[in-house]
Amino acid sequence: MKWLRNIWHLYYDGFCSMTLGRTLWAVIFIKLFIIFVILKIFFFPNYIKEHTEEGKEAEFVFRELTIDN
Amino acid sequence: MIHLLNIDLAAVDWARAQFALTAIYHWLFVPLTLGLAVVMGIMETQYYRTGQEFWKQTAKFWQRLFGINFAMGIATGLILEFEFGTNWSNYSYLVGDIFGAPLAVEGIVAFFMESTFVAVMFFGWNKVSKGFHLASTWLTGLGATISAWWILVANSWMQHPVGQAFNPETMRNEMTSFAEVALSPVAVDKFVHTVLSAWVLGAVFVVGVSSWYLLKQRHLEFARKSLRIGAVFGLISSAIIMLSGHHSAYTVAQTQPMKLAAMEALYKGGTDQSLTLIAGINPFAQPDYETQDEAPLKLAVPYALSFLATNDMNGYVPGIRDILDGYTKPDGTQEPSLEEKIERGRAAIAALAEYRKLSEKGKVNSEKFTAAMSDTATLNSTLSTLNSDISYFGYGFVQDRAQVVPYIPVCFYAFRVMVGGGCLFILLFLIILWKPKAWVYWVSIACIPISYIVSEAGWLVAEFGRQPWTIQDMLPTWVGVSQLGSSAVMITFFLFLILFTTLLAVEISIMCKSIKKGPEL
């Protein structure tokens with residue numbers, strides 16, 4: 001159990017004593033929020049999932065590539 | 001009858017521009033991470049060997065700059081994957097089975113290896129043994145480098161699709177050999193060349209930052225030693241990169257001859273080809289490769305292109321027109337003309353359509369327990385046609401010769417910026433090691449932004465040179481793209497421009513503050 005306590009202290013003390021690291025973590029979290037919450041949800045839907053039913057993806061892609069005339 | 005895809009070309013251009021923008025910005029962060037990873041490892045190894053506090057603080061300083069760059073770069077590459085799913089859905093679906101494995105490995109390695117050892121590297125001073133800390137520092141760099149390997153494997157597969165088979169039922173390129181994908185000659189060359197170029201960029205950065213301290217007369221011992229280590233590291237990396245560059249050019253000549261011809265503005269090829277140093281090519285217009293025999297005002301090194309492309313001073317190198325018209329390879333085999341490739345591509349598309357129709361019918365018949373032997377025979381014959389022509393599948397969507405020629409001015413000039421910049425850095429490292437002077441320090445600082453331009457130029461050569469293919473010979477850009485309106489892509493293009501420019505400004509600001517503060521010596 002001592003090694004678990006050591007790992008805990010490594011991270012706990014490390015995070016507590018951060019200076020520049022706090023700014024960097026803030027930047028990381030803001031960036032992840034923008035990427036996953038704003039961009040992914042509102043601007044980057046899965047095009048195929050939105051335009052076809054589950055299991056019909058292959059047919060959809062085939063028709064996207066070659067349109068019957 | 002199959003009608004070739006007819007979509008809004010502006011959407012393709014915007015999707016390409018957006019992908020280029022994202023990749024270029026992402027690549028601003030990656031090379032410094034890979035380069036500084038080695039530098040901080042060397043500095044800490046010095047500390048481990050000597051036990052001197054000086055080396056510990058030196059290592060900590062470069063680790064701090066590594067940390068800033070690492071934090072800014074995290075997740076910027078993920079946006080590329082979002083773009084695959086939205087803007088490049090056809091492409092994304094076709095390659096999903098191939099890309100899944102390397103990208104999953106990359107994700108797992110990046111998360112566990114880097115996040116674990118980065119924590120020990122930053123938080124573990126005085127908490128773990130010197131040896132364990134040193135190992136963590138090197139493993140942080142190794143983790144980042146291994147991550148790069150898997151991303152480059154995915155990229156290389158697009159340039160040279162091996163270890164796969166197209167499944168007309170699932171409409172996917174399915175992996176048949178993981179080893180062939182992971183260890184293809186293109187992947188190996190690309191990894192070695194890219195990582196070495198990142199090391200050179202890291203070395204230029206270290207040399208430039210150290211020069212700034214020398215000009216400011218601050219932290220002189222730290223700056224002199226870092227300058228020297230940076231220059232030696234840069235020189236060794238540059239020496240190896242020349243060999244890897246030669247091998248990369250050889251591989252490109254074998255796998256993507258059109259890319260090499262565009263890089264060289266080689267309109268009509270042949271034996272004993274010279275390597276162009278510079279030529280008068282209009283940067284803003286595609287040259288007339290159909291009628292001109294060579295680029296105007298050409299200054300060239302005799303036989304050097306033949307040697308670069310074939311390892312033989314007299315070797316045959318095909319030009320753009322040879323590739324379009326078809327040519328005989330040195331081993332006697334015939335490379336088909338564009339017209340033949342288009343015909344075979346169209347045959348593959350027609351066979352795919354026929355196969356899917358018969359296959360669907362077969363499923364219905366099977367459900368009704370009806371024998372359909374004649375259909376089965378036709379199905380097998382259609383599949384055989386598809387398999388024999390599938391490597392030309394993408395040509396079935398090509399309508400004229402100009403579509404398969406990359407934009408020559410970008411390939412030509414980017415290649416020269418890359419090679420010229422590499423030579424400039426070698427000269428810089430040599431002068432620094434020989435006789436560093438004040439003007440050399442100014443040049444070193446100026447070389448930091450130049451090293452980024454050179455690094456991005458390498459990316460431009462690789463990616464513009466393979467146009468129009470998202471998957472070499474199998475899927476052109478205008479077929480891989482989703483049928484979206486251009487306005488949707490345009491909006492996200494500008495959103496990214498704002499997001500990434502802000503990130504870059506924040507990085508530069510934090511980085512400059514940290515450099516001004518200097519090491520704690």
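A salt bridge is a side-chain nitrogen of Lys or Arg within 4 Å of a carboxyl oxygen of Asp or Glu. The model shown is predicted, so local features need pLDDT of at least 70 and side-chain atom pairs count only at pLDDT 80 or more, while totals for chains, interfaces and linings use all residues. Residues are numbered from 1 along each chain as its sequence is written, chains are lettered from A and ligands numbered from 1 in the order in which they are written, and side-chain values use heavy atoms, with hydrogens and water left out.

**View 1. A salt bridge joins Asp322(B) and Lys268(B).** The N to O distance between the two side chains is 2.8 Å. The pair links distant parts of the chain, 54 residues apart: Asp322(B) lies in helix 11 of chain B, and Lys268(B) in the loop between helix 9 (257-264) and strand 4 (275-278) of chain B. Helices (H or I, at least four residues) and strands (E, at least two) are DSSP runs, numbered from the N terminus. Asp322(B) has a relative accessible area of 7% and is therefore buried, whereas Lys268(B), with 40%, is partly exposed. Here buried means under 20% relative accessible area, exposed over 50%, and partly exposed in between (1.4 Å probe, protein chains only).

**View 2. Leu324(B) sits in helix 11 of chain B.** This helix covers residues 320-325. Leu324(B) counts as buried because its relative accessibility is 1%. Between Leu324(B) and Glu340(B) the C-alpha to C-alpha distance is 9.9 Å, and the two are 16 residues apart in sequence.

**View 3. Further salt bridges occur in chain B, including that of Glu294(B) with Lys298(B).** Over all chains, the structure holds 15 salt bridges. In the pair of Glu294(B) and Lys298(B), the closest N and O atoms are 4.0 Å apart. Glu294(B) is partly exposed at 46% relative accessible area, and Lys298(B) is partly exposed at 25%. For Lys517(B) and Glu520(B), the closest N and O atoms are 3.9 Å apart; Lys517(B) and Glu520(B) are both exposed. Glu290(B), Asp325(B) and Arg401(B) are joined into one network by salt bridges that share partners.

**View 4. A nonpolar patch on the surface takes in residues of chains A and B.** Its members are Phe33(A), Phe36(A), Val37(A), Ile38(A), Ile41(A), Phe42(A), Phe43(A), Ile491(B) and Leu495(B), with about 810 Å² of accessible area together. Patches are made of residues with over 30% relative accessible area and no salt bridge; like charges are joined within 9 Å, and nonpolar side chains (Val, Leu, Ile, Met, Phe, Trp, Tyr) within 5 Å. Accessible areas come from the Shrake-Rupley method with a 1.4 Å probe, and for residues only the protein chains shown count as cover. Helix 2 (20-43) of chain A and helix 17 (486-517) of chain B each supply at least two residues. Helix 2 of chain A gives the most, with seven residues. Ile491(B), in helix 17 of chain B, is partly exposed at 48% relative accessibility.

**View 5. Helix 4 and helix 5 of chain B pack against each other.** Helix 4 (residues 89-123) and helix 5 (residues 130-159) meet at an angle of about 170 degrees, with their axes 8 Å apart. Axes are lines fitted to C-alpha atoms, for helices over the stretch in contact, and angles run from 0 to 180 degrees between N-to-C directions. The two helices are therefore roughly antiparallel (angles under 35 degrees count as roughly parallel, over 145 as roughly antiparallel, 65 to 115 as roughly perpendicular and the rest as oblique).
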